Amino acid sequence: MRDQTKQIAGIITIADVAAEYGATARPFLLIGDLDRQLRRVISEGLDLQEVITLCDPDKLRNITPFGQMSYGDYQQVLSNQQQWDKLGWPLDRKAFVARLDELRKVLNELMHFNDKDKAGDDAIPKLRNMIELLHD
């Protein structure tokens with residue numbers, strides 16, 4: 001590897017490349033895991049027709065399986081007190097939905113390839129915590 005003055009500054013190894021790839025891919029993998037966990041919780045605990053009515057009342061998007069839901073849809077469903085009560089969670093709904101909104105914003109930053117350091121590093125513990133909470 002050469003520096004700005006074109007002088008040899010170091011060697012890049014396969015381990016360096018793998019570590020950088022892992023650090024770059026980790027937030028995306030966690031977002032995918034969080035999406036699967038949210039979909040699992042909603043599909044196991046709630047009625048699809050009620051979810052469709054909340055997410056797409058005008059039937060413009062034709063949501064048929066739970067897999068077509070977005071993070072905004074997850075928020076919409078989990079913001080609804082009746083749907084939340086059906087899950088029977090001993091969690092504060094407003095705090096949960098606020099954290100979900102925070103993670104939605106991180107997702108948007110990452111998926112639009114905005115500043116990775118701004119969104120990614122700070123998001124990893126938050127994503128992991130939410131995933132662990134949903135696993136439990």
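Buried means under 20% relative accessible area, exposed over 50% and partly exposed in between, with a 1.4 Å probe and protein chains only. The model is predicted, so that local features need pLDDT of at least 70 and side-chain atom pairs count only at pLDDT 80 or more, while totals for chains, interfaces and linings use all residues. Residues are numbered from 1 along each chain as its sequence is written, and side-chain values use heavy atoms, with hydrogens and water left out.

View 1. A salt bridge is a side-chain nitrogen of Lys or Arg within 4 Å of a carboxyl oxygen of Asp or Glu, and the structure holds 7 of them. In the one between E102 and R99, the closest N and O atoms are 3.6 Å apart. Both residues lie in helix α5 (residues 93–111), 3 residues apart, about one turn of the helix; helices here are DSSP runs of H or I with at least four residues, numbered from the N terminus. E102 is partly exposed at 32% relative accessible area, and R99 is likewise partly exposed, at 31%.

**View 2. D101 and its salt bridges to R104 and K105.** The side chains of R104 and D101 meet at 2.7 Å, N to O, whereas for K105 and D101 the closest N and O atoms are 3.4 Å apart. Within helix α5, D101 is separated by about one helical turn from R104, 3 residues away, and also from K105, 4 residues away. R104 has a relative accessible area of 23% and is partly exposed; K105, at 48%, is partly exposed as well.

Note on methods. Helix = DSSP H or I, 4+ residues; strand = E, 2+ residues; numbered from the N terminus.
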